[in-house]
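This briefing covers the contact between two protein chains. The sequence and structure come first, then the notes.

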Amino acid sequence: MALDTSKIGKTYPPHEYEVGREKIREYANAVGETNPVHHDRSAAREQGFRDVVAPPMFAVVYSTGAIGPALFDPELGINFARMLHGAQEFVWSEPVCAGDTITTVASVKDLYERDGMQFFVFESVSTNQDGREVARGTWTNIVRGG
Amino acid sequence: MKQGDTIPELRVTPDKYLPHRYAGASGDFNPIHIDAEFAKAVGLPSNILHGLYGMAQVARANVAAAGGDPRRLKRLSVQFRGMGFPEKEIVVRGTVKEERDGRVVIDTVAEQDGNEIIRNAEAELELEG
């Protein structure tokens with residue numbers, strides 16, 4: 001399927017995620033984050049956080065729900081059988097703590113072909129309940145032999 | 001930290017069931033990560049690690065290099081390359097690429113058995129005043 005570059009800039013509905021303390025602990029345990037600020041509320045408060053703070057890469061947990069509908073958008077026609085997650089970037093601002101509500105909006109940042117491969121680049125912008133940006137993600141998915 | 005300095009190596013060996021725990025923690029239940037038979041049926045040697053788990057190890061190495069405060073990691077970009085597998089040690093290494101105004105950029109790679117699973121990783125750290 002040829003790339004429809006008119007879809008660059010397309011934005012998807014906001015995704016809301018409520019950050020739970022146990023979810024942060026579960027994620028921290030899975031990736032090996034042992035810093036007490038990710039596990040213990042008083043340790044987090046001593047370091048100036050409102051509550052147990054999420055490790056930076058917890059960004060994938062609260063923003064994936066916004067990226068899903070973009071990946072499965074029939075207007076983009078991604079061939080999943082040949083898709084690879086090629087690259088990922090996050091830029092972090094305000095820390096994310098237990099009790100926060102994070103809203104993420106995904107959009108199509110770029111669509112292009114190179115060396116016989118199709119590149120689908122999405123952006124996610126996540127903000128907290130105070131309207132402050134917490135993370136901005138760039139998700140690059142590559143379809144081989146598009 | 002100045003240009004050319006290396007950051008402390010991070011070594012971690014994900015156990016056989018790590019992909020299951022990471023799937024639960026992250027919500028990514030793609031069977032290529034948790035079902036060896038499915039993975040083989042689609043042409044992989046076995047079930048493979050989640051790329052974002054590897055990226056989390058790169059993040060961890062860089063936060064540790066910045067003194068352990070997660071707020072110091074301002075940006076991380078990576079390219080996923082070779083496949084990672086459970087029960088093999090991952091080694092994350094980094095070198096300071098540039099240093100300016102209290103911020104450093106660290107070139108980082110994660111490898112397993114000499115095979116780079118994450119390359120061209122660039123982490124931007126804010127160091128204490």
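In this predicted model, Glu89(A) stands opposite Ser77(B) in strand S2(B). Strand S2 of chain A (residues 83-92) pairs with S2(B) in the antiparallel sense over five bridges; two strands pair if DSSP finds at least two bridges between them. Helices (H or I, at least four residues) and strands (E, at least two) are DSSP runs, numbered from the N terminus.

**Salt bridge**
- Between chain B and chain A the count is one salt bridge (a side-chain nitrogen of Lys or Arg within 4 Å of a carboxyl oxygen of Asp or Glu).
- Arg75(B) forms a salt bridge with Glu89(A), with 3.3 Å between the closest N and O atoms.
- On the side of chain B that touches chain A, helix H1 (18-26), helix H4 (51-65) and strand S2 (73-80) of chain B each supply at least two residues.

**Extent of the interface**
- Contact (heavy atoms within 4.5 Å) involves 27 residues of chain B and 27 residues of chain A.
- The two chains bury about 2200 Å² between them, 60% of it on carbon and sulfur atoms; buried area is the accessible area (1.4 Å probe) that two parts lose on being put together, summed over both.
- Ala25(B), Pro70(B) and Arg71(B) supply 25% of the area that chain B buries against chain A, more than any other three residues.

**Confidence and conventions**
- The predictor gives the complex an ipTM of 0.96 and a pTM of 0.96.
- Residues are numbered from 1 along each chain as its sequence is written, and chains are lettered from A and ligands numbered from 1 in the order in which they are written.

Conventions: This is a predicted model: local features need pLDDT of at least 70, side-chain atom pairs count only at pLDDT 80 or more; totals for chains, interfaces and linings use all residues. Side-chain values use heavy atoms; hydrogens and water are left out.
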